[in-house]
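These are my notebook entries on a structure that I looked through piece by piece.

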Amino acid sequence: MGPARDAAIEALPIPRYLESVYWWAYVHPRAVHLFEREWLVNTILFGNYARLRDAALAALGRPLDGRTLQVACVYGNLTERLVAQLAPRAQLEVIDILPIQLQNLRDKLSLDSRVLLRQGDASALPHADASVDQVLLFFLLHEQPEPVRRATLAEAMRVVKPGGRVVIVDYHRPVAWHPLRLLMRAVFRRLEPYAIDLWKQSIEDYLPADLRPSQREHRTWFGGLYQMLVWTR
């Protein structure tokens, strides 16, 4: 059974960049069938999936209280693990612009009244200002064109409460001697054209000046190829 609650809202159009650039990974039904495999997700991340997932979950807190917003569904079991650490009165909302991704996540989750799934645009979140306690962006930003990335980050900081956290896990520029540096450049050039942006400048540089965090933590893994940022509003 899927989550107990699905928000009923007017269907939103799928962004053109997703249909043209990422149809092979997220939009086409065969893509979902192919990529929803734990071993494949881990292979794509060179064996680092569990480490990155667990770091994000730890940064959010155990047990996880309050209202948490996960922006975009992800392949693998991150959301199931997130639900498992919810406090009894906590809430988790997951939004995604793609109905097929929401259905895939719905099929993975057990019945739980604390969980809400709904279609939503990361760059124009359907939430009031300062209305959530935590926001999670897990390998989302590298898939977005710069204007969408800027809007997504601004929206994440807008909706989180003062003192709340925004947790980001994504790619990062590896050290110069990294043995996979040339391979990743080729992959980005061929399949993920927006990802190279995260090698060129800090993620925080995409935030408006008036939304910069009051506190920040930054960690990298695997020779700098992956990073986690924890921002406090």
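**Entry 1: a strand pair.** I began with S7 and S8, which run antiparallel and are joined by 7 bridges; two strands pair if DSSP finds at least two bridges between them. Helices (H or I, at least four residues) and strands (E, at least two) are DSSP runs, and they are numbered from the N terminus. Across the pair, I found glutamate 217 opposite valine 230 in S8. S7 and S8 form a hairpin with 4 residues between them.

I noted for my own use that this is a predicted model, in which local features need pLDDT of at least 70 and side-chain atom pairs count only at pLDDT 80 or more, while totals for chains, interfaces and linings use all residues. Residues are numbered from 1 along each chain as its sequence is written, and side-chain values use heavy atoms, with hydrogens and water left out.

Entry 2: Which residue in the turn of the hairpin has a positive phi? I found that it is phenylalanine 222, with a phi of about 55°. Phenylalanine 222 is partly exposed, with a relative accessible area of 30%; buried means under 20% relative accessible area, exposed over 50%, and partly exposed in between (1.4 Å probe, protein chains only). I also looked up phenylalanine 46, whose phi is near 55°, a positive value in a residue other than glycine. Phenylalanine 46 lies in the loop between H4 and H5 and counts as partly exposed at 30% relative accessibility. I then checked a peptide bond, and found that arginine 62 and proline 63 are joined by a cis one, with omega about -10°. Proline 63 sits in the loop between helix H5 (49–60) and strand S2 (67–71). I wrote beside this that most residues other than glycine have a negative phi, and most peptide bonds are trans.

**Entry 3: aromatic rings.** I found 15 aromatic pairs in the structure; rings of Phe, Tyr and Trp (its six-membered ring) pair if their centres lie within 6.5 Å, and planes under 30 degrees apart count as stacked, over 60 as edge-to-face and the rest as tilted. I looked up tyrosine 171 and tyrosine 226, whose ring centres are 5.7 Å apart and whose planes are at 35°, so the pair is tilted. This pair links distant parts of the chain, because tyrosine 171 is in strand S6 (residues 160–171) and tyrosine 226 is in strand S8 (residues 226–232), 55 residues apart. Both tyrosine 171 and tyrosine 226 are buried. Ring pairs link these two tyrosines into a cluster whose other members include Phe46, Phe188 and Phe222. I also noted that arginine 149 lies over the face of tyrosine 206, at 4.9 Å from the ring centre; a charge sits over a ring if NZ of Lys or CZ of Arg is within 6 Å of the ring centre and within 35 degrees of the ring normal.

**Entry 4: helix H9.** Which residues of H9 (residues 181–191) are buried? I found Arg181, Met184 and Phe188. Seen down the axis of H9, these buried residues fall within an arc of 65°, so they line one face of the helix; the arc is that of the directions from the helix axis to the C-beta atoms. On the face turned away from the buried side, H9 carries the exposed residues Leu182, Arg189 and Arg190. S6 and H10 are included in what covers the buried residues of H9.

Entry 5: I placed glutamate 204 in the loop between helix H10 (197–200) and strand S7 (215–221), and at 11% relative accessibility glutamate 204 counts as buried. Leaving aside its neighbours within four places in sequence, glutamate 204 is in contact (heavy atoms within 4.5 Å) with Arg212, Pro213, Arg216 and Trp231. Asparagine 104, in helix H7 (residues 99–108), counts as buried at 12% relative accessibility. With the neighbours within four places again left aside, asparagine 104 touches Val32, Glu36 and Tyr75.

**Entry 6: the whole chain.** I ended with the totals, which come to 10 helices and 8 strands. Of the 233 residues of the chain, 55% count as buried.
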